[in-house]
Amino acid sequence: MTRPLVLGANVYDYGTDAGAWRAPGEDPLRVFGADFWRDAARTAEDAGLHAIFLADTPGLASNPAIRPSRLLEPIAALSTVAAETEHLGIISTVSSSTNDPVELARRLLAVSAFSGSRFGWNVVTGVTGPAVTDFGYDADPGREERYARAEEFVDAFGAFLDAVRDDTDYVHEGEYFADSIHRIDLGVDPALRALLPDAAPLIVQAGGSPRGRQLAASSAEAVFAAETVKETAAENRADLRRRAAELGRPAPLVLPGIHLVVGSTEEEAERRFQTIHERGPDGYVLKRFTAMFGIDAARLDLDASAEGEIRRLSGDPSATPIGFRKAIAAYGAAGDLTVRELLRYFAGFGHQLFVGSPERLVDIMTDWVDAGAADGFTLLFDTNPWGLREFAEHVTPVLRRRGLLTGPGDEPFTTWMRGARR
């Protein structure tokens with residue numbers, strides 16, 4: 001392999017593992033302070049990573065007494081990251097179901113200008129739990145309506161940016177947003193035009209369903225993918241490239257997630273995994289697994305084939321991302337795992353789990369890229385900032401020795417990312 005990887009870090013608050021907030025030597029309240037994010041920012045940039053990405057839901061993602069996560073609004077935290085770095089990209093999740101495209105465009109233009117054109121946003125459609133009524137819905141609008149809204153949202157967002165750039169009126173017609181933002185005269189707001197950066201905010205997409213891949217093909221520069229099996233990942237990347245080509249667009253970069261537990265040796269990594277994982281809430285992984293597939297835990301045989309049990313018992317939990325369900329089911333089937341064996345890997349909640357040495361990790365990354373399964377990876381560390389520091393110390397030197405890590409340098413991050421698309 002000769003071409004370099006594109007690498008981003010999903011700094012998932014305390015870390016991906018459910019026991020991360022209880023990691024030894026770490027302060028569970030530190031994530032609320034700017035020092036945590038400054039530390040993460042400097043470490044990621046020194047490690048040669050290209051971007052920090054923050055996931056988000058409009059509301060608490062889980063019971064904070066069991067597993068606190070996604071506790072901060074991402075743009076606030078990422079502003080600290082941008083101020084602490086020179087080249088590192090910042091990417092925030094934003095839901096198209098809980099925002100207005102024009103108001104969001106104005107806000108994101110300001111963030112992008114502040115960061116020096118290093119900003120991107122991950123378009124998601126989710127609105128679940130108590131947040132449903134917070135945003136004027138009587139109930140979850142359902143997958144089809146959420147994607148229809150997202151498609152119109154991205155079109156309206158892009159049309160507004162074009163109007164700002166071209167100094168023309170903004171006009172939009174559509175089912176979801178036309179009533180409130182049909183026509184806007186931008187000439188009355190010259191300050192807005194001054195915010196337009198050298199490169200518009202990067203658009204990222206993360207849906208794994210056919211509808212999600214179509215949205216990515218039509219609008220995104222990069223895709224955060226949930227993939228656990230190399231062959232399936234290659235098929236999905238080829239499908240995404242075909243969809244983009246049919247629309248006359250360059251294919252987005254595909255960046256599968258990896259839940260990482262890295263040590264200087266295999267044994268050290270395994271000890272590290274056990275140290276963190278055993279601190280998770282009792283029964284948490286099993287409960288999340290059964291919820292993802294709509295399975296009654298009382299009927300589940302932990303020592304039976306995972307593929308068979310998922311096929312026998314799974315329901316239709318429509319609120320759960322399709323991509324994650326497919327990825328974890330595919331991993332169980334490919335490895336002929338029992339439910340009990342699969343639950344260990346499910347610690348990565350739908351992304352592939354890696355526990356091991358830096359050299360073996362880089363070998364796997366290289367193999368996936370050479371097989372056409374990825375253009376790079378989204379890194380999710382078992383615990384932060386410990387995992388991020390371990391990556392910088394152990395993995396980055398291996399990547400650099402093999403010529404697999406380069407960055408945007410003096411070029412704006414969003415321009416560099418668009419140029420990196422193949």
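Student: At what angle do helix α2 and helix α3 pack, and how far apart are their axes?
Tutor: Helix α2 (residues 74-84) and helix α3 (residues 101-115) pack at about 20°, and their axes are 9 Å apart. Keep in mind that this is a predicted model, where local features need pLDDT of at least 70, side-chain atom pairs count only at pLDDT 80 or more, and totals for chains, interfaces and linings use all residues. Residues are numbered from 1 along each chain as its sequence is written, and side-chain values use heavy atoms, with hydrogens and water left out.

Student: What counts as a helix, and what is meant by an axis?
Tutor: Helices (H or I, at least four residues) and strands (E, at least two) are DSSP runs, numbered from the N terminus. An axis is a line fitted to C-alpha atoms, for helices over the stretch in contact, and angles run from 0 to 180 degrees between N-to-C directions.

Student: Why are α2 and α3 called roughly parallel?
Tutor: Go by the cut-offs: under 35 degrees is roughly parallel, over 145 roughly antiparallel, 65 to 115 roughly perpendicular, and the rest oblique. The angle here is about 20°, so α2 and α3 count as roughly parallel to each other.

Student: Which residues of α2 and α3 meet?
Tutor: With contact taken as heavy atoms within 4.5 Å, Ile75, Ser79, Ala82 and Ala83 in α2 meet Arg107, Leu108, Val111, Phe114 and Ser115 in α3. By class, that contact has 6 nonpolar, 2 polar and 1 charged residues. The classes go like this: Ala, Val, Leu, Ile, Met, Phe, Trp, Tyr, Cys and Pro are nonpolar, Asp, Glu, Lys and Arg are charged, and the others, Gly among them, are polar.

Student: What makes α14 and α15 oblique?
Tutor: The axes of helix α14 (residues 358-370) and α15 cross at roughly 50° and come within 9 Å. That angle belongs to "the rest" in the angle scheme, so α14 and α15 are oblique to each other. On the α14 side the contact uses Pro358, Glu359, Leu361, Val362 and Met365, and on the α15 side Phe391, His394, Val395, Val398, Leu399 and Arg401.

Student: On to the rings. How many aromatic pairs are there?
Tutor: The structure holds 10. Rings of Phe, Tyr and Trp (its six-membered ring) pair if their centres lie within 6.5 Å; planes under 30 degrees apart are stacked, over 60 edge-to-face, and the rest tilted.

Student: What makes the pair of Phe53 and Phe224 tilted?
Tutor: Their ring centres are 4.3 Å apart and the planes are at 45°, so by the ring cut-offs they pair and count as tilted. Phe53 sits in strand β2 (residues 51-54) and Phe224 in strand β8 (residues 222-225), 171 residues apart.

Student: Why is Phe53 called buried?
Tutor: Buried means under 20% relative accessible area, exposed over 50%, and partly exposed in between (1.4 Å probe, protein chains only). Phe53 has 7%, so it is buried, and Phe224 at 11% counts as buried too.

Student: What about Trp121 and Phe153: how are their rings arranged?
Tutor: The centres are 6.0 Å apart and the planes are at 55°, so this pair is tilted. Trp121 is in strand β4 (residues 119-124) and Phe153 in helix α5 (residues 143-166), so the pair ties together parts 32 residues apart in sequence.

Student: Is Asp155 buried or exposed?
Tutor: Asp155, also in helix α5, has 54% relative accessibility, so it counts as exposed.

Student: What makes the backbone at Ser117 worth a look?
Tutor: Most residues other than glycine have a negative phi, and most peptide bonds are trans. Ser117 has a positive phi, near 60°. It lies in the loop between α3 and β4, and its 4% relative accessibility makes it buried.

Student: Which residues does a cis peptide bond join?
Tutor: Asn384 and Pro385, with omega about 0°. Pro385 lies in the loop between β11 (376-381) and α15 (386-401).
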